[in-house]
Amino acid sequence: MLSSGTTGTPKKIVLTHAIFQHRLEAVALDAGLTGKHSRTLVMVGMDTAGGHLLPMSTWFVGGCAVLWMPGEDPYQTISGKRVNYTFLAPVQLDHLLRSMPVTAWPMPELTVAVGGSSLPRLLSEKARAQLAP
């Protein structure tokens, strides 16, 4: 495996099975993925750390990784596929909140993790109002 090269030329990284397994276990624990009932939707690119580690960690604990394609209605995907954990960027969170009918509020069974850039305060407040009980 190669590093990203952000500080210069990409460097080779030794990645043993034990290191990889530990990383998947740590991500699953941190995300609260507990087993076959875990259904994860990652809306960021697979080329990001969260984009590939979260689906793999979900599979590692026996859960289901739900695939999302840009252009799909995020609320329909989350509700139709019974997703209980999602990782997305702020712009995707805004898209999710706009796609939700008022009758869908709240969604206490859904854990939302946001990454990729800072979460604007107003968007955070809107998400808490719509998703939290």
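1. Basis. The model is predicted; local features need pLDDT of at least 70, side-chain atom pairs count only at pLDDT 80 or more, and totals for chains, interfaces and linings use all residues. Residues are numbered from 1 along each chain as its sequence is written, and side-chain values use heavy atoms, with hydrogens and water left out.

2. Overall layout. The protein has five helices and four strands. Helices (H or I, at least four residues) and strands (E, at least two) are DSSP runs, numbered from the N terminus. Along the sequence the pattern reads α-β-α-β-α-β-α-β-α. The C-alpha atoms fill a box of roughly 50 × 35 × 25 Å, taken along the principal axes.

3. Burial and contacts overall. Of the 133 residues, 38% count as buried. Buried means under 20% relative accessible area, exposed over 50%, and partly exposed in between (1.4 Å probe, protein chains only). Take the contacts between residues at least 6 apart in sequence: 71% of them join residues at least 24 apart. Contact means heavy atoms within 4.5 Å.

4. The sheet. Four strands form an open sheet, ordered β2-β1-β3-β4, with parallel pairing. Its edge strands are β2 (64-66) and β4, each of which pairs on one side only. From one strand to the next, the twist averages 20°. Two strands pair if DSSP finds at least two bridges between them. Strands of a sheet pair through backbone hydrogen bonds, either parallel or antiparallel.

5. β1 with β2. Strand β1 (residues 39-42) runs parallel to β2, and three bridges join the two. Arg39 stands opposite Cys64 in β2.

6. Helix α2 on the sheet. Helix α2 (residues 49-60) lies across β1, β2 and β3. Its direction is about 170° to β1. Axes are lines fitted to C-alpha atoms, for helices over the stretch in contact, and angles run from 0 to 180 degrees between N-to-C directions.

7. The α4/α5 pair. Helix α4 (residues 90-99) packs on helix α5 (residues 121-131) at an angle of about 40°, and their axes are 10 Å apart. That makes α4 oblique to α5. Angles under 35 degrees count as roughly parallel, over 145 as roughly antiparallel, 65 to 115 as roughly perpendicular and the rest as oblique. The crossing of α4 and α5 is left-handed, meaning that the near helix is turned anticlockwise from the far one by less than a right angle.

8. Who meets whom. From α4, Pro90, Leu93, Asp94, Leu97 and Arg98 meet Leu123, Lys126, Ala127, Gln130 and Leu131 in α5. By class, this contact of α4 with α5 has six nonpolar, one polar and three charged residues. Ala, Val, Leu, Ile, Met, Phe, Trp, Tyr, Cys and Pro count as nonpolar, Asp, Glu, Lys and Arg as charged, and the others, Gly among them, as polar.

9. The buried side of α4. Pro90, Gln92, Leu93, Leu96, Leu97 and Ser99 are buried in α4. The buried residues of α4 pack against α3 (74-80), β3 (85-88), β4 (111-114) and α5.

10. Thr77. This residue is found in helix α3. Thr77 counts as buried because its relative accessibility is 9%. Leaving aside neighbours within four places in sequence, Thr77 is in contact with Leu41, Val66, Leu67, Trp68, Glu72, Arg82 and Val83.

11. Ser38. Ser38 is found in the loop between α1 (17-31) and β1. With 3% relative accessibility, Ser38 counts as buried. Beyond its neighbours within four places in sequence, Ser38 is in contact with Leu33, Thr58, Gly63, Cys64 and Asn84.
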